[in-house]
Structures are given as C-alpha cells and as structure tokens.
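Subject: Structure handover and notes

Hello,

Please find the structure below. My notes on it come after.

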Amino acid sequence: MAAFWTSLWLVVAVAVLSATRLEAKFTHSAYLDAAREKYFLQWTHDAETITFRVQVATLGYVGFGISPNGDMTGSDIVTGFVTDQGDTFFFDRYATARAMPTIDSSQDWTLEASGENGTHTFLQFSRKLVLCDHTDRTIEAGTTRVIWAYHGEDPPHDTELMYHGETRGARSLMLLSGPQNTELPEDVQTMEFLNDAYGVPYKKVTNYLYRGFKVPDLGGKKHVIAFEPVVQAGNEAVIHHMFLYACLEDLDPNLYDGVQYLRESRDIPADWRSCKVTIIVWDVGGVGMHYPEKVGLSVGAPGDPTFLLMETHYNNAQRKKGMKDSSGIRLLYTSELREHDLGLMQLGMEVGHTQLIPPGSQSFVSVGNCYPDCLEKAMEEESIDKINVIGVHFHAHLAARKMRVRHVRNGVELPWLGNDQNFDFNFQQTVRLQKEREVLKGDYLIVECTYDTTDREEITHGGPNTQDEMCLGHILHYPKMKLRRCKSNPHRVAYLEALGATEVMFRANKDDFVPIQPPQMAGKSMKKLLHSVSWNEELRQKFQAVQRTGNTSVICMKKDNSWEEFHQQTLTMREPPPVILHPFEEADVCKTQGTGASRLKMRQGSKKSIKGIHGHEANAENKSGIKKGSRGKTRKNHRKLNLSPWRHHRRARKISW
C-alpha cells in the first residue's frame, strides 16, 4: 500500500472563490436518476469554463463523470465526500476500466463549495472545457454522456473508494446549449393536446397514432413562449416522439376534433395527408423548450391554424399488453406579444424509401440539401434578406451516430449551425443556440447524418419504423416564413443507375421509375433489384456517391402549397447539389500556441506530494497499516441525523442550498 502513496505526485487543489462566483445563477438543471429524486445536477458555462453543482441523497461519497459512451471506461471523473467533521476530500480521476478510477496527476477540476446535512451531500466544482490532456475529456457542443454514482458511506480512507453497487447510471445531456429561460409572464396560460387513454398496440413494435385537435378560441393573437412534453408515468420507454402539425389545406376543426387513427388505417381521412407543416417537435429524452424572450409562436391570429394534428410514435419494443396512454404536448402562451413570430423549418431528407443505407457500413453519410433558390424565393416573398436561427433539433433512429447542419455561402462553408458527434437515439433534445446565426438569401443548408449498419445484413430504408431510418434537422428562426420544408432526397433514377441501369422510364401505374435497359433489369422495381444485390465495398461507395453528388428530388414546401404540388416535387429530378469550395474545419485549440504538447509536458514534469484540503501532507500509513486522517486520527463513518447547518470545507463561504 505504501507504493500506492509514493507513486502519486499530486496536489489536491481546493479554490475558495468569491461569494459572487459561489452564488452564480445556474442556467441548466436535470435529475440524473430515473426516479428523479436522488441525484440532481445543475450547471452553467461560459466560453471557456463549465461549473457543476450536484445535490445527492447520500452522506457518503459522490461521483460524477464525462464519458465517451455512457460507460465508465475512458471517463473523466471527479469524486468527493464530506466527513462528519466538515472536511471535504475531492479528487480529479480517470477510468481505464470498470474499476476504481485512478487519481489524475494533474488536478484540473476545482472544488468551489461543499456541504452535507442529515440527508444530502452537495459539491460545486468547475473545470475548463478544453484541457488538452489524454486523461481529460473535452466538453463539446452536442450530446454529452455523463455518468454518476454514489455510496451510502464515506470511504475508509481519503483516496480509496468502495464499490458503488447499483447506485449509478448514465444520462445524455446537452451541456453547452443556450440558457434555459424559464421566467414566465404573470398571465401565462396553458393548452394541452393529449391522447385519451389510448390502448397502445402490442402486436407491432412501431405504431403511429394521429389525433386531431380543434385549436380553442383564444380571443385574438397570443404567443406560445414554451412547450413541454406530458408523458404519462410508466409509459416513458414507449413514447418515442410527439409532433404537432398544421395542414396545407383548410380542414373543418369541428369535423375532426378528437378523431384518431393509426397511420396504416384505411379509414384515415384523405385530407389529413396535407398536415405536413411541423410546428412543435418533441422526441424521447427531451424536456421541451422555452423560447428566447424576443420570439413566440403565433396562435389565434388570422391565418393561424384552427386545427392541429398530433403524431405520437409508440415504440413498444417489449410488446407490453394493456397499456393505456394519455400523453401529449402542453403549450404555454401569453397575451404579452413578443417582437418576432417564431418559424420552424424542416431540413434534411423527406421520410421514405429514397433514403437507402447499405448493410455493413461503418460510417455511411446521408445528405439532405436545402437549395439556395428555395431559400431565396421564400425570403423575397417575405421581403426579407435574412433569417436568424435560434435553435436546432435533430431526429433520426437507431443506426444514427452523428448529425450536423452545414451552412454554405458562395461556396465557402461557415461554422455549422448544429453539430452532434454523439447522437443518442434515446435523447433527442431541441437545442437553443448559444448565439443567434444569420442565414442570408442564397445560402445553402445541408443536413448530414452518419450511420453505422455493421450489425445489419439487410439494407436500411428510410421510413417510420424504429428499425428504419430518418435524417431530419429542424431550425427555429425568426422572422417567420411560409417556407416550412426545404429538403432533398437522392433521386430514384440515380440509385437505379448505381445498380447498373442504363435507361430508365417513369411508369404512372406504379407511380415510380423503373429500368428498361439492360434487359436483365427491365421492368424490375427498386425493391426487387435491391433484394438480389450482393453488397460489397465498391457498391457501397457507389451508393455513397449517389447521396453526396447524385441528382436529387427537391422539396421546397410553403404553407400555401397544395398536396399535388408537394407530390410533384418528390418526382421531379434536380441537378446535384453545389460543390463546397472551402469546407469548414473546427480549429484544434490543443495545437495552437501555448497549449497542447508543451502544456502536457509541463504537467508531467511537476512532481508534488499529495496534499489534503488543509495543506497537510496526505495520509500516511501507520505501523498497523491503518491510514490516518489529515488530523492524525482514524476517520469513522458514524453519522448524526439532521445535521444543521451545512458543513463546508474550511474557508469556503456558507451558501444556502
């Protein structure tokens, strides 16, 4: 055990910051445990630093970490606990396996405050977003997996930990999203669009329920300033997403209020197919969104929808019987009108079988393009030169790994509007941008989705089922435009050519394109041709080229389009997307002057003894092999109930919980 102590060249730094810092307002919060009662996390950040505060229902040690994938291995971890005497022991660690994490030779997490009472422990700590150290994980925009754990007792020694058992977990969060504005006007009211004890089917895993709602008379224009999911307790694992749609055509709200059908029902009203104007998107794991103070979603004004259609995707993977569901979406609205009406535009690929992902692909990229002429014409009709993007929402299924919205102007790619390098199917949250972004007339937007199908033997189609795929990006913007979808798909003719067709024609009776040359392919549908394909890397690359540089069909759908116009756009073939002359690359801050290798070398060269939070030499072993505390006596795990007030490490300012 002595070798363990002498091998550590550490300084455990506990910075006592000003009262202003300790009382800084946290902009984000989340419960990390599924029961939402044991482990509460708050955080805030600026351009360089992130600060966390954990409040955990334990009087033992607490662990928190940044993980590459939700697993312990490879994670950047902190652990801390408060003794009965009010002393705090806090360490920066890293994990190379599912075992006690190693104490880092460079202590980069700073403890700012700590305490405990008769039931809970809290720790407040911070670190730089980027540390340029192989034992520390960079915190980036997009989905971040955090891990957590705690134990009911303090460790027997200052640096060792007992196994936490089942009191642990992982959760995906958007750590670097814009601030959550949760302050509400005094007159705020709510309206809810809920399913009515719907019996969730169990014979099929994937089911889409559509339910119609008449929008109540609000007595004039109001602004929706936030939306929240209303997920029935116990059904969290089954509700995959809920979308609210307005319709291209005017529908009688009295005729369809409360009417519901499954997607595949033969009785579903034909005019519901025009309900393609997305206004609210919520996906599994999301928590809703409060819009920035200058924008609101218009309701109740002339021209605003009087009928909404809610789509609920049930993913009953366990095929549970007897489930009843009354989940839905709650809108919060006010009479205090904001400066701008909010718009939501759907980008990416139109959902359907023109998205094809070959099996055995480790990083296949699907691409949906918003062509410059579509955006330009939409802005000219509104007499505007630009829109301001304030938020982004991605949507895909199980094979998706990465998603981003690229932004191109005159052949030069600008910083991405959204970039999620760790997409999580079970956490699809609308993200408020830290800083608004301008999109000008003539700009070109691209949604790229990267998939891993190495575990699949059959081709993956675009479609509604959970095993199918989607590639959707939504941008929240102002001012509002009539343009609601700006998307593209690889044209089916381009796929047929990749499969070897030399001549193709459209057959109206099949509403599709079929090859007529060479003879062995003549008249065969895409489905039949794909069924007989033997996939190899050459054919995968051909399909990848179709996605990136092939001819497309373009969806440029405005609020006043007809269903017929929309359908025609899906058939018309357009030229390949423009070439990006100068792609954007994020700067590697660890290679810039003053960081990186030189900084790491400096760390490794510093040899300092372990010090506790009071500046004493860290615990040494006595002759009996029992480690002593920083004051020279063995610590015990006895507890006194209802300890009050909070106890903090020395010199730390006491702050209220």
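The notes start with the whole chain and then go through single places.

This is a predicted model, in which local features need pLDDT of at least 70 and side-chain atom pairs count only at pLDDT 80 or more, while totals for chains, interfaces and linings use all residues. Residues are numbered from 1 along each chain as its sequence is written, and side-chain values use heavy atoms, with hydrogens and water left out.

Whole chain

The protein chain has nine helices and 38 strands. Helices (H or I, at least four residues) and strands (E, at least two) are DSSP runs, numbered from the N terminus. Of its 657 residues, 55% count as buried. Buried means under 20% relative accessible area, exposed means over 50%, and partly exposed is in between (1.4 Å probe, protein chains only). The accessible surface of the protein chain is about 29600 Å², and carbon and sulfur atoms hold 50% of that. These areas come from the Shrake-Rupley method with a 1.4 Å probe; for residues, only the protein chains shown count as cover. Among contacts in the protein chain with a separation of 6 or more, 77% are between residues 24 or more positions apart. A contact means heavy atoms within 4.5 Å.

Phe-243 is in strand β16 (residues 239-246). Phe-243 counts as buried because its relative accessible area is 2%. Which residues does Phe-243 contact, leaving aside its neighbours within four places in sequence? They are Ile-280, Val-281, Trp-282, Asp-283, Leu-309, Met-310, Glu-311 and His-395. Phe-243 and His-313 are 70 residues apart in sequence, and their C-alpha atoms are 8.8 Å apart in space.

Thr-453 sits in the loop between β32 (444-451) and β33 (460-461). With a relative accessible area of 0%, Thr-453 is buried. Leaving aside neighbours within four places in sequence, its contacts are Ile-357, Pro-358, Pro-359, Gly-360, Ser-361, Ala-399 and Thr-460.

Trp-563, Phe-566, Gln-569 and Leu-571 are buried in α8. The buried residues of this helix pack against β35, β36 (503-507), β37 and β38 (552-558). An α-helix has 3.6 residues a turn, so residues three or four places apart point the same way.

Glu-565 is also in helix α8, which covers residues 563-571. Glu-565 counts as partly exposed because its relative accessible area is 40%. Together with Glu-249, Asp-250 and Glu-564, Glu-565 forms a negative surface patch. Patches are made of residues with over 30% relative accessible area and no salt bridge; like charges are joined within 9 Å, and nonpolar side chains (Val, Leu, Ile, Met, Phe, Trp, Tyr) within 5 Å. Asp and Glu count as negative and Lys and Arg as positive, while His and the chain ends are not counted. The place of a charge is taken as NZ of Lys, CZ of Arg, CG of Asp or CD of Glu.

Salt bridges

A salt bridge is a side-chain nitrogen of Lys or Arg within 4 Å of a carboxyl oxygen of Asp or Glu. By this rule the count is 24.

One of them joins Asp-71 and Arg-98, with the closest N and O atoms 2.6 Å apart. The pair links distant parts of the chain, 27 residues apart: Asp-71 is in the loop between β4 (62-67) and β5 (76-82), and Arg-98 is in the loop between β6 (88-94) and β7 (102-103). Arg-98 is exposed, at 67% relative accessible area.

Another joins Lys-482 and Asp-560, with the closest N and O atoms 3.6 Å apart. This pair also links distant parts of the chain, 78 residues apart: Lys-482 is in the loop between β34 and β35, and Asp-560 is in the loop between β38 and α8. Lys-482 is partly exposed at 41%, and Asp-560 is partly exposed at 48%.

Backbone details

The peptide bond from Tyr-478 to Pro-479 is cis, with omega near -5 degrees. Pro-479 is in the loop between β34 (472-478) and β35 (483-490). The bond from Gln-517 to Pro-518 is cis too, with omega near -5 degrees, and Pro-518 is in the loop between β37 (512-517) and α6 (526-531).

Arg-36 has a positive phi near 60 degrees, in a residue other than glycine. Arg-36 is in the loop between β1 (28-31) and β2 (39-45), and is exposed at 52% relative accessibility.

Regards
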